[in-house]
Amino acid sequence: MTYLPNILFLLTLSLGIGYFAKNIRRVIRNIKLGQEVKVSGSAAQRWKNVLLIALGQSKMVVRPVSGMMHIIVYLGFVIINLEVLEIIIDGVLGTHRVFSFMGEFYGFLIGSFELLAVLVLIAVIVFWLRRNALKIKRFWKPEMKGWPKKDADFILYFEMVLMTLFLIMNATDGHFQEMNNGNIISQYVAGWFSSYSENSLHLIERTAWWLHIIGILVFLNYLYFSKHLHILLAFPNVYFGKLTAPGKFQNLESVTNEVKLMMDPTADPYATPAEGSETPVKFGASDVMDLSRIQLLNAYTCTECGRCTSECPANQTGKKLSPRKIMMDTRDRLEEVGRNIDKNGTFQSDGKQLLDDYISREELWACTTCNACVEACPVSIDPLSIIMDMRQYLVMEQSAAPNELNVIMTNIENNAAPWPFNQMDRANWINES
Amino acid sequence: MSETLKVPTMAEYLAQNKQPEVLFWVGCAGSFDDRAKKITKAFAKLLNHAKVDFAVLGTEESCTGDPAKRAGNEFLFQMQAMMNIQVLNGYEVKKIVTTCPHCFNTLKNEYPELGGTYEVMHHTQFLKTLLEEGRLKVEGGKFKGKRITYHDPCYLGRANNEYEAPRELLRKLEVELVEMKRCKSRGLCCGAGGAQMFKEPEKGDKDINLERTEDAMETQPAIIAAGCPFCNTMMTDGVKAKEQEPNIQVLDVAEMIAHAADL
């Protein structure tokens, strides 16, 4: 019977990790529904970006207040989770604070964890106040109503509870407090429990210990259902981020082939397609399967911070377009497609698509392609590329551009300028006074 | 004051079996828009003044395809690009300078994959090189000490990471350069990019150019300096709408340098 806690622990751990792994496999399968992309450019530069932008949080501090607090929470998350290693070993082997033999160094470790835990707790409370008391505008945009709003608050509550449990666990651990090594914060918390008997202290300590590890496992599994996947996906996402000049939009290869054929005087316009030649491709994107895998990874990575939306000129002037919503819609639709596949084995048409059912044309046409959203994203998400791909679908597959744009396109075709001036008059400015 | 402009074409150069140092890509706005033509001329005057051996394509130039591409018409863009590349490669063009950040971005970034690789410079970058090489002198003149704010064109700034060249030139004009609260990588778009120039904006509660003009007005400038013919139009419209025409001028950096030198 003495092994019961160990067995329970192992069971909890494998359940927690197993279910998470299952959902991560689902994420990977869904991302693979997107188009394959060639990842070009220097790998060294990509790793450098991971180091600076993801690990180093370089783009977070563009906004110093939220940036610095985010770094605290991030460091807290990474560093305090070292403690999980000890918890797991203790849980499996039935030991207690297995690393405490390290003496001074152990104290140093736990001491920094405790300090960070308090800092994280403060930061998370400030984050909550920014959302709910200061009501910072980007957290109250229309796309944040309902689940996204609750999701954001849940994550903050989770972190508050986990940090509190960690401190209580240390404070009620008589053995640890007696060591008086690293309990820099918890010694004060211990004072609150001074009237408790040793037995109740032990009970509280065990409860906090169990709730802490269960909380961590629940949180891990919550990630998939929330906007919080960025804590994992930010790293691959930054790695796959665009390396070329932000102004360089991708040239569609399928179009290049067509245009080359059109401009080739030896091409036979009546030739039947060669045997085994590919089926005609779809130009642009109307649903998630038309997007690239990197764009879909972008969608799962987005944590809905809204920095993109708050820098977007269209959004700031009251237009419907919100780059954050583009990412949220893409993920929602991808999840819907994923559930469809879970149910039917393969995707069965549901009469819906990303265009119109999620993202309206009005949003797409409001974009000035200014790259402010791309610049603002702390984890190298590119909402602009999705907007462009969908515009391409509207124009090249549906001929559904706004009429004024049809006029300029006709002008460019006819007289090589967006305005109806004669190409022969191009150099007139030279002699005009 | 001004002599007649000497603006030879590539065809004329070819007839003499010569290659100019640089091709001046004028762009559609620079060729046809009355306001933008002034920028084109100011820049051509500066090129003449600095004795730069340059040529234009003249009637052989055509739209780079930028507005078509950003409107989603990749076909039209690539048709334009391929035709332009044929012309440019036919003349064995190596180096291009342009007064339009949209042409600059497209020629520089999107043409190489389609077979057109050139050294492409924005005119503020080119002027800065002339300055450094001692071929052009930039002095304060009538702008000395004036309060000036510079609006970053998206396709020069964020899109191509060039924030310094235009500012460097303005500093040489000995102006009092004041930055807007949103500038450089966080500069607000004027509202014209992505083919928005050519259509009515979507429903909203404000036009983007007004928002940007307000940013500029906060700095109480005598002049809003720009580096893009479209930004210029948007900001000029904004200043008009705010009834600030008597107080605020919108000028291209090249125009300012040309005026300062009394060209």
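Two strands pair if DSSP finds at least two bridges between them. Strands here are DSSP runs (E, at least two residues), and helices are runs of H or I with at least four residues, numbered from the N terminus.

This is a predicted model: local features need pLDDT of at least 70, side-chain atom pairs count only at pLDDT 80 or more, and totals for chains, interfaces and linings use all residues. Residues are numbered from 1 along each chain as its sequence is written, and chains are lettered from A and ligands numbered from 1 in the order in which they are written.

**Stop one: the sheet in chain B**

Select F24(B). V97(B) in β3(B) stands opposite F24(B). Now show β1 (22-25) and β3 (95-98) of chain B, parallel strands joined by three bridges.

**Stop two: two helices in chain A**

Select α2 (43-55) and α10 (230-239) of chain A. Their axes, lines fitted to C-alpha atoms over the stretch in contact, with angles from 0 to 180 degrees between N-to-C directions, come within 8 Å and cross at roughly 140 degrees. α2(A) and α10(A) are therefore oblique to each other (under 35 degrees is roughly parallel, over 145 roughly antiparallel, 65 to 115 roughly perpendicular, the rest oblique).

Next, colour the contact residues (C-beta atoms, placed from the backbone, within 7 Å). Among them are R46(A) and N49(A) of α2(A), and F235(A) and Y239(A) of α10(A).

Terms used. Two residues are in contact if their C-beta atoms, placed from the backbone, lie within 7 Å.
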